[in-house]
Amino acid sequence: MTEPPPQSRYHRQTILPGFGPQAEAALAASHVMIVGMGALGCPAADLLARAGIGTLSLVDRDLVELTNLQRQTLYSERDVGRPKAEAAAARLREVNRSIRIHELVEDFAPTNADALLVTHPRPHVVLDCTDNFQTRYLINDACVKHAVPLVYGGAVGSQGVQLSIRPGITPCLRCLFPDAPAPGASPTCDTAGIFAPVSAIIGATQAADAIKLIVAPRTPPLGTTMLQFDLWSNQRTRIDLKDARDAACPCCGRRVFDFLSMTVEATILCGRNAVQLPAPSTSPVDLAAVAARLASVGTFTMQSNATLTGTLSDGTPLTLFKDGRAIVGNTTDAAVARSVYARYVGL
Ligand SMILES: [Zn+2]
């Protein structure tokens, strides 16, 4: 008697209706970019790595913090202080070593959005797992401009929202919400908290739509609705978007990409008493050389080859990223942060 052949790791997925060897091959040949490796990006990336997406690009500018561990399911206590994209990539390589993972410790910004969607191996799908409106509108602009399907997700408090955008076919984010809310007008995870099961559900629905868009690109079974729910009160709504595409939409109607042409300003990092400064140039920083210079004015360590982090002798926390961005602590004043950058890092 001959032994049955060993089952592929994807067997339980292959036998699903709508899957089979062709779908597996499509997943293996696909590239999904996840922007934001936080509460939504973690469960989404985990599911996509396990599903056999051939290439995953993980874009995140931030470091793992202790308060992330309540919901950001790829990280453990030993990852605190490490760039999220790197920590997530390391974990996902343990999950599935047969896929390619690009960890991109950088901001998704107007300066690099086109390059991320074009010169990188072009993604088949982008997942918006970010937490701020400026980046969300920027991702929407970039995906519509380059005709890349976009799966949008949001979670705050006990509420979640999810929507998939197929440029030229379905409404885009600006058809539905023409303008981003004013700064401070919307609750954030820092001010309203987040019920972790909500982000797990939204991340999972984003992974599901990404898989559908890859397995059945012409007729993905997505529906034309926006899912909204409150997991605490158990209220769910599906908003029909069949007629919501706006011919006058600045983005997908008139193709004016306002957010792609914005200049990047310093960002006050909500709840962290810190300011993030954009990279002053497009050249990568020689972190080892900066570390050597900073040795006389503070205590700094290379966290990885992508970040240098430490404290200046006056107690100011400073993190410098290889792409030139910096996070300056102990202040919410962009001018003070710029002056620290200019003094200690240089422009
Ligand atoms: Zn639109």
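The dialogue below takes up the metal site, the domains and the salt bridges.

Modeller: This is a predicted model, in which local features need pLDDT of at least 70 and side-chain atom pairs count only at pLDDT 80 or more, whereas totals for chains, interfaces and linings use all residues. Residues are numbered from 1 along each chain as its sequence is written, and side-chain values use heavy atoms, with hydrogens and water left out.

Colleague: Which residues are the protein donors of the zinc ion?

Modeller: Donors are N, O and S atoms within 2.8 Å of the metal (3.2 Å for Na, K and Ca); water is not among the atoms, so sites may look incomplete. Here the SG atoms of Cys172, Cys175, Cys249 and Cys252 lie 2.3 Å from the zinc ion. Along the chain, these donors follow the spacing C-x2-C-x73-C-x2-C. Cysteine 175 lies in helix α7 (residues 173-176) and cysteine 252 in the loop between β8 (235-240) and β9 (267-269), so the pair ties together parts 77 residues apart in sequence. Helices (H or I, at least four residues) and strands (E, at least two) are DSSP runs, numbered from the N terminus.

Colleague: Are cysteine 175 and cysteine 252 buried or exposed?

Modeller: Buried means under 20% relative accessible area, exposed over 50%, and partly exposed in between (1.4 Å probe, protein chains only). Cysteine 175 is buried at 10%, and cysteine 252 is buried at 9%.

Colleague: How is the chain divided into domains?

Modeller: Domain bounds come from an automatic or database domain assignment. In this chain they give domain 1 (11-240) and domain 2 (267-345), with C-alpha centres 28 Å apart.

Colleague: What area is buried between domain 1 and domain 2?

Modeller: Buried area is the accessible area (1.4 Å probe) that two parts lose on being put together, summed over both. Between domain 1 and domain 2 it is about 1100 Å², with carbon and sulfur atoms giving 52%.

Colleague: How many salt bridges are counted between domain 1 and domain 2?

Modeller: Side chains of opposite charge can pair when their charged atoms come close. A salt bridge is a side-chain nitrogen of Lys or Arg within 4 Å of a carboxyl oxygen of Asp or Glu. The count between the two domains is 2, and the whole structure has 14. Aspartate 62 is buried at 17% relative accessible area, while arginine 272 is partly exposed at 28%.
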